[in-house]
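The following briefing concerns the structure shown below. It is arranged by topic for reading alongside the coordinates.

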Amino acid sequence: MTNLFQKPQSAALAFMVAGAVWFVVGAVYGMFSAIHLVAPEFLPHVAPLVFGRERPVHVNTMLYGFVGTMLVGIGLYYLPALLKTRLWSEPLAWMAFVFWNLTVLSGPLGFAFGFTQGREYNEYVWLADISLVLAVACLIVVTALTIVNRREPQLYVSIWYFMATFLWTASNYPLGNVMWHPATGAMPGLIDSLFLWFWGHNLPGLLITPLATGAAYFVIPRVTRTPLNSHTLSLLGFWFLIALYSHIGGHHVLQSPIPNWLKTVSVVDSVSMVLPVSIVVINLWLTARGFGGRVWNDPPARLVMGGIVWYIITCIQGPLQSLPFLQRVTHFNNWTVGHAHIAMLGFGGYIALGAMWHVLPLVSGRPVYSNKLINLQFGLITFGLTGFFIVLTMAGLVQGSAWHNGETVLRVLPQLSPFMVMRAALGIFILTASLVGLANLYLTLRPARQEEPLLRGEEAA
Amino acid sequence: MKMTPAFLIVGALLVFWASTFIIVGLPSMTMKDNPSEIWRPLSPLEREGHRLYVKNGCSYCHSLFIRVNDWDIGAERIAQAGDYAGIEPAILGSERTGPDLSQEGGEHSDDWNIAHFTNPRYTTPISVMPAWDFLSRHEIQALAAYVQALGGKDADVRQKRQREWKRQAQAAYAGGVDRNIEWLHAQVPEVWRRMPNPYPATEAALQRGKRLYQQLCINCHSPIGDGNGPAQPFLGPPPLNFTILRRHLVENRYIGGIFYYQIMNGITGTAMPYFKKHLESEKIWDLANYLAVSFVGYTDANTEPRGIDASYEGEWQNPYPPPAVDQAP
């Protein structure tokens, strides 16, 4: 066992495998939630399986468990690889793994029985918060000391993002989760919504986005075999992201009685988010320019590029829906749910999966069991998620327009059921994709194929 | 610009904290948590209900703030900062699969709430809310107490009205079936009592009414209108048995206006909610015709006084003789 914790890249692999498992768990809970929105009496009288308890399990398991965990694993691979060194301490990375996954595990185990702080995206109870912060602290130490002990003088852009992610999260998470109030994890009164949405939006923005951006910056130039388009654009994208992102959470409570200047700041900076996003996307696209064939024909890179496309769609939609005029119709309904899915599964999830498949042979020294299964996963998720986006956006417009015209929530409810039926059906594609991925991962790593001596990817190459 | 480790780490943290100071620090220093004029403290039972609301994820489907552009239940009170004073956490919510609850207190009677939490479809057949019957009786009562406190002092005014009328409604019900209906009808303003249904009870209209009945009424008043729907055991007074109305027509003729008025305004104090935010005029009249034809066997639709028929109306003759004619020797 001690051997395993010392083995180079073992923690990276563990994070990626855990991410693939959490994807299945999150998708199962998503499926239950989707069914319950159509058939509320499905599996009745089971306390852990009511919508109010299964939804946070779905959301948190997908965010922290699937996308977050997998992207950390990918980073733990490219960090030493790009710095031409070894991870400073493999056991410390394993400690991060344990703490991180304990937090994620507290979702299905805790929320199901009412152990939750109930604040959206800040649900984990105090002990789980502590565990996550410890995981992040371990990752800060590992990353910083790996950088210090590097043998490559230049810090590639992926390293910036990976390092900064944990610095930000270590400050962000305790603040948004109001960890100095262990019992409730909340501030008293209206101001809590500012703390809540501070982390609520920094979670995708300053945890998932930098991790996913770092992974995309790693994979795309490797696959296209071209140098990164522009160092300047990389710098601009990075610094704009942090300067603007932490301000925009207020657009979730734009129509609530928070102070007007805060609304202005959050709308202006939400719209400005178009800048860092476009810069990153343009930088990556220009890097791949002329070599689109190489990206398309490489199944992992295809997923990563898919994620970049979802990123630009998400981040054009996001700034638009922060506008008060549009929000009158789009707020409080399924439009936002559609947006959240293309952000987390589309942008974060696609890049996590693509980069995982890209990195997996390098970590394990074995080729991925089946590229066809990666393509199948791509197809299933793309069909499911595109359908989701369309169906939920339509449902949201139906709700928002009807409410705006004076219909009550109750009267519009029956109109939603055809959309919710389609959404549940499309969810089957996403659940299947998660299972196909886990199977492919298992078939790649299963011990039976372990006859030839193991080689590290770099050594083999 | 070269990204050295020191520049990366110090710079990333400096920009982050500067940015964060604006969005979290400044509000912390300037926002005051002063109560608004409707705010009042929560009782211990209500606080327990608030914990249940938070723990069970009610906030994923119910918001707790009314916007300027809202029309639905609660829209009389645009949310103000002081409404949330001291609540920890005051989860404003991001989704309205169900209605906003910031002013829910006193919207419905206590027994309606208990039935609703036990199984939301008992009171609201089209609801997709989960049944909370796995909670203990005490927990359901705590949850109901919390919901009834939403809206603060405004909710207390509504609750007082609910309880005052519940007392009267229960007294009337205790007086027997016929006395109860006389009391109910006496609460309807005079002008409505002799108002026939101005909408012809055509086949299409009755179908529309039936759909509304199934969406909104059926689990209290039952499929045959006898008031023995699944919600009935929870409610006191129980839902009205419509079939008895046959011997309580006003002047042996009129019933449409009474139906309309009671569907529109509900019967505060009983579990009968008002529907005037959900349904507009024609829908209520269609529903009234459906109740009358299906459960009373008679409707006053298109009887005198009827004025000038609307231009779309066909040559519809009311085929339903009033019961008094039936019973003539």
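Predicted model: local features only at pLDDT ≥ 70, side-chain atom pairs only at ≥ 80, totals over all residues.

**Helix packing in chain A**

α7(A) crosses α14(A) in a left-handed sense.

*Geometry and composition of the helix pair*

- Two packed helices are described by the angle between their axes and the distance between the axes.
- Helix α7 of chain A spans residues 192–224 and helix α14 of chain A spans residues 334–364; their axes come within 9 Å and cross at roughly 40°.
- α7(A) and α14(A) are therefore oblique to each other.
- On the α7(A) side, the contact is made by A:P204, A:I208, A:A212, A:A215, A:A216, A:F218 and A:V219.
- On the α14(A) side, the contributing residues are A:A343, A:M344, A:F347, A:G348, A:I351, A:A352, A:G354, A:A355 and A:H358.
- By class, the contact of α7(A) with α14(A) has 13 nonpolar and 3 polar residues, and no charged ones.

*Annotated region of chain A*

- An unreviewed UniProt entry places the feature "domain: Cytochrome oxidase subunit I profile" at residues 26–397 of chain A.
- Residues 26–397 of chain A are 75% helix and 0% strand.
- The end C-alpha atoms of this stretch of chain A are 27 Å apart.

*Contact between chains A and B*

- The contact involves 67 residues from chain A and 60 residues from chain B.
- On the side of chain B that touches chain A, the elements giving two or more residues are α1 (5–30) and α2 (44–55) of chain B.
- α1(B) provides the largest share of that side, with 14 residues.
- The side of chain B that touches chain A divides into 36 nonpolar, 15 polar and 9 charged residues.

*Domains of chain B*

- The domain assignment of chain B consists of domain 1 (44–158) and domain 2 (177–304 + 315–324).
- The C-alpha centres of domain 1 and domain 2 of chain B are 29 Å apart.
- Contact between these domains of chain B takes 14 residues from domain 1 and 16 residues from domain 2.
- α3 (110–118) and α4 (120–123) of chain B each give at least two residues to the side of domain 1 that touches domain 2.
- The largest share of this side of domain 1 of chain B, 5 residues, is supplied by α3(B).
- By class, the side of domain 1 of chain B that touches domain 2 of chain B has 7 nonpolar, 4 polar and 3 charged residues.

Methods
Residues numbered from 1 in each chain as written. Chains lettered and ligands numbered in written order. Contact = placed C-beta atoms within 7 Å. Helix = DSSP H or I, 4+ residues; strand = E, 2+ residues; numbered from the N terminus. Nonpolar A, V, L, I, M, F, W, Y, C, P; charged D, E, K, R; others polar. Domains from an automatic or database assignment. UniProt positions renumbered as here; feature names shortened; annotations may be inferred. Axes fitted to C-alpha atoms, helices over the stretch in contact; angles between N-to-C directions. Parallel < 35°, antiparallel > 145°, perpendicular 65-115°, else oblique. Left-handed = near helix turned anticlockwise from the far one by under 90°.
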